[in-house]
Amino acid sequence: MAIMRFLVDLAGATMLLLFAVRMVRTGIERSFGASFQRVLTQNTNLVSSSFTGMALAMVLQSSAAVALLASGFLASGYLSFSSGLAVVLGGDLGSALVIQILSFKMDWLIPMLLAIGGWLFVTTEHKKGRQLGRILMGVAFILISLQFLRDAMDPVRESSFLPATADYLAGDFITAFIIGAALAFVLHSSVAAILMCVTLVQIGAIPFPAALSLLLGANLGSAFIPIWLTRGMTVEARRIPVANLMLRGSWALVALLGINLAIDPTVLMLASPGQSLVYAHIGFNLSLLVVALPFSRSFEAPISLLMPVKLGTDLKMSEQEMTSALDPAALSNPRQSIASLKRELLRMTDLVDRMFRTVLQLYESGDREQMLAMRSQDEFVNSALSGIRSYVASMPAGTYAKQDMKIVRGLMDYAIRLEAAGDIIAKKLTAIAKERQEKKARFSEEGWMELVHMHEAVCANLKLACNVLISDDLESARLLVMEKSEIKRAERKSRKLHLARLQNGREESFETSDMHLETLRALRDINGHISAIAYPILYRNGQLLETRLIQDKNMKEAG
């Protein structure tokens, strides 16, 4: 009975820990996710890139999230292989430092974090204030889950089960290493897995040598997580996680054999067992960074040979991406046809996203071929809308319920909005880029950064709109509409700052005044189009007012 109670308590504590880590990461991504691309890609120096990765991992509480970001930016051409690998190696060290912070006994902080975080999340409508509340509550839940984990050990601490298991792991470091790797991969969080190991050592549930082998295994297992998460990406994107696995895995095996065969593991106990384990984890990641960083550039050639790009496959994938996802055979089944429509809208959103992400590069380069390619891609967006129109028109009358037809109309409206967003990018923004190139005009540094930040925010909202389209999640839909208000606020602020620069006689601002204001308006309009997916969901859930006009009884009577 004690074992069953232990397993249930352990499962509950583990799930709460995973939920809390995800909650903190979600809050941070929603607050600052739009700036991650600029932060990751602005450094070309390997040491600076590793520090950037370390800082992001500490913020996101996940080295896997940093590896995923780096892989995506490498595939998009924003990041070189060596810089991406440096970012990932720095991210591993950053997640180790997070464990040091979270391993401190801070139970006294829990009520304060819950009170402040809960108040901010419930009472604040401002985006960053609400997400700060989510982050504070997530940290509190992490501390609570660790407390639960310690309490879960009480029923079995005196039984024969736990000591026997702990003694076996202490005597068989290979098995402990494999268990640690499996634990980190199954939990999909190295932070959660290693925090569990630290907690078990702190309460004396397992001996320090066994925990050390578990920790090294968890370091190996955590390297498999980004490989799994990037399995659907291009070959170029998968190279960084594979390189990280090779470096991390070989270093973990060297450390495992060296510690268990060459020395006594207990000599690494520099403080209490739990704190010593944290020191060992930080030392492992720091030593890996110091050893591997100088070879980051030379590591690219062997990885490219190991994972070559197959041109035929890439071409085939591109053709597949341009093929409609609409299924005529599903027309007679409302549920399947709606799912088919959503798949086509996702493809359409991806086409618009690809066009939009290259806008700032186009502004800087003025490349005419890139402009032609963007306009050509807009034709695919227009073709997708035509296909959706024909598909909806072919739906048999009488087969669809009233509620189904409302959903279909909402999706059809969103397709029209996406096509309008594509037209703004392909016609309006490319025309501005061409004008800037012909006039050789330059934005002021402040004005350019305002456009960059607004572009990043719209990119993040495109990703959020995809999530809303797939999930029909009410909270995400509300967040998307709130983000629309944030974009409008950012546009107004940038317009005021631009006018202030004109009044101060800034020459660059005079040269690019029309271009700056037209770009702001275009970015706002694009964001308005992609946010339209949220309104049918809000309306169905009674979260949308029919009108924003104030209904004043006296005004009506006066009229």
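Mentor: The protein chain has an accessible surface of about 26,500 Å², and 61% of that surface belongs to carbon and sulfur atoms. Accessible areas come from the Shrake-Rupley method with a 1.4 Å probe, and for residues only the protein chains shown count as cover. This is a predicted model, in which local features need pLDDT of at least 70 and side-chain atom pairs count only at pLDDT 80 or more, while totals for chains, interfaces and linings use all residues. Residues are numbered from 1 along each chain as its sequence is written, and side-chain values use heavy atoms, with hydrogens and water left out.

Trainee: How many helices and strands are there in the protein chain?
Mentor: The chain contains 26 helices and zero strands. Helices (H or I, at least four residues) and strands (E, at least two) are DSSP runs, numbered from the N terminus.

Trainee: What makes Asn244 buried or exposed?
Mentor: Buried means under 20% relative accessible area, exposed means over 50%, and partly exposed lies in between, with a 1.4 Å probe and protein chains only. Asn244 has a relative accessible area of 2%, and therefore counts as buried. This residue is in helix α13. Leaving out residues up to four places away in sequence, Asn244 touches Leu85, Val88, Leu89, Asp92, Ala223 and Gly249; contact means heavy atoms within 4.5 Å. In the whole chain of 559 residues, 50% count as buried.

Trainee: Why is Leu346 called partly exposed?
Mentor: Its relative accessible area is 26%, so Leu346 is partly exposed. Leu346 is found in helix α17 (residues 334-357) and touches Cys466, Leu469 and Ile470, not counting residues up to four places away in sequence.

Trainee: What makes a set of residues a nonpolar core?
Mentor: A nonpolar core is a set of buried Ala, Val, Leu, Ile, Met, Phe, Trp, Tyr and Cys residues joined through side-chain atoms within 4.5 Å. The largest one here has 89 residues, of which Leu216 and Leu277 touch the most other members. Helix α5 (residues 81-103) gives the largest share of this core, eleven residues. A second, separate core has 68 residues, including Val452, Ala477, Leu479 and Ala532.

Trainee: Which residues is Leu216 in contact with, leaving aside its neighbours within four places in sequence?
Mentor: They are Phe177, Ala252, Ala255, Leu256, Ile259 and Phe284.

Trainee: Which residues form a nonpolar patch on the surface?
Mentor: Ile174, Ile178, Leu257 and Leu261 do, with about 390 Å² of accessible area together. Patches are made of residues with over 30% relative accessible area and no salt bridge, like charges being joined within 9 Å and nonpolar side chains (Val, Leu, Ile, Met, Phe, Trp, Tyr) within 5 Å. A salt bridge is a side-chain nitrogen of Lys or Arg within 4 Å of a carboxyl oxygen of Asp or Glu. Leu257, in helix α13, has 40% relative accessibility and so counts as partly exposed. Helices α10 (173-187) and α13 (235-262) each supply at least two residues of the patch.

Trainee: How do you know whether Lys440 is buried or exposed?
Mentor: Lys440 has 70% relative accessibility, and therefore counts as exposed. Lys440 lies in the loop between α20 (402-439) and α21 (445-471). Its phi is near 55 degrees, a positive value in a residue other than glycine. Most residues other than glycine have a negative phi.
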